[in-house]
Amino acid sequence: GLSNLLAQVPAVASGVERTSWQVDVNLNNNAQYWWRCRASDGSNTGPWMATATFYINETNTPPATVLIAGPPKGATLRTASGILSWYPSTDADAGDVVDTYHIQIDDDADFASPLVDTQFAGPNPAPTGEYVTISRPLYTLSGYDALGMISNYYWRIRARDSRFSWSAWTAGGHWFIYGVPPPNAASMVRNANGTITFSWDVGTENWYIQWTPSLTGGWQTVAGPLGVNNWTFTPNPAQTSGFYRIMGE
């Protein structure tokens with residue numbers, strides 16, 4: 001509303017292509033201000049322009065260090081759909097925003113040679129709320145396919161503001177286990193009635209029993225997806241020889 005004027009000038013000579021005026025008072029740091037102008041030909045005065053705004057930030061303060069929301073330390077992310085989550089970072093400077101996040105993942109706690117080292121834009125506008133988090137699945141991070149199964153990985157994240165200042169990296173040694181172990185076929189028994197029973201020592205979801213006539217041929221699914229760690233089935237009479245395997249997602 002410009003009801004509390006801090007500075008004004010009654011007349012500024014028009015430039016050829018643009019006109020400017022240097023504010024003649026000291027404005028407070030880390031504050032937002034509004035301004036407007038209008039033109040006159042000496043006889044008539046035009047309407048005010050739409051009110052514009054700007055911020056004074058004499059010193060750029062980096063964003064706050066990101067707080068990690070999950071997964072808990074030592075949790076297992078079974079697939080590349082596993083999610084890394086954090087609380088949105090904030091910036092203390094008036095008018096400045098967090099526009100970029102930077103994630104690194106490494107099997108070394110010192111991050112000497114990160115397998116994942118990627119930056120991406122943060123949500124705009126930034127989400128707000130006490131329990132709001134930002135999340136990214138592993139498969140959206142460049143380099144995720146270099147992660148080995150059943151391995152421990154450290155991860156950290158930092159934030160950048162619109163004036164290119166980075167926050168400190170998260171601390172505290174956040175780490176996760178990636179992948180699940182493949183099934184270990186503890187037994188394959190041909191029963192007296194001609195059925196076959198498979199048992200394996202890892203129980204999870206989406207297991208498949210498959211058969212192939214030769215190790216150079218394609219695999220055919222016999223049963224699955226299974227959510228148990230043992231299965232009994234009757235072999236196809238046409239499959240008089242070949243190989244079986246158990247595969248888990």
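Tutor: The protein has 16 strands and zero helices, where helices (H or I, at least four residues) and strands (E, at least two) are DSSP runs numbered from the N terminus. The radius of gyration is 31 Å, well over the 18 Å that the globule rule gives for 249 residues, so the protein is more spread out than a compact globule; the radius is taken over C-alpha atoms, and the rule is 2.2 Å times the number of residues to the power 0.38. Along the principal axes, the C-alpha atoms fill a box of roughly 110 × 40 × 35 Å. This is a predicted model, in which local features need pLDDT of at least 70, side-chain atom pairs count only at pLDDT 80 or more, and totals for chains, interfaces and linings use all residues. Residues are numbered from 1 along each chain as its sequence is written, and side-chain values use heavy atoms, with hydrogens and water left out.

Turning to the cis bonds, the peptide bond from Gly 70 to Pro 71 is cis, with omega near 5 degrees. Pro 71 belongs to the loop between strand E3 (67-70) and strand E4 (75-77). The bond from Asn 124 to Pro 125 is cis, with omega near 5 degrees, and Pro 125 sits in the loop between strand E7 (116-121) and strand E8 (134-137).

Phi of Leu 2 is near 50 degrees, and that of Asn 30, a residue other than glycine, is near 55 degrees. Asn 30 is also found in the segment before E1.
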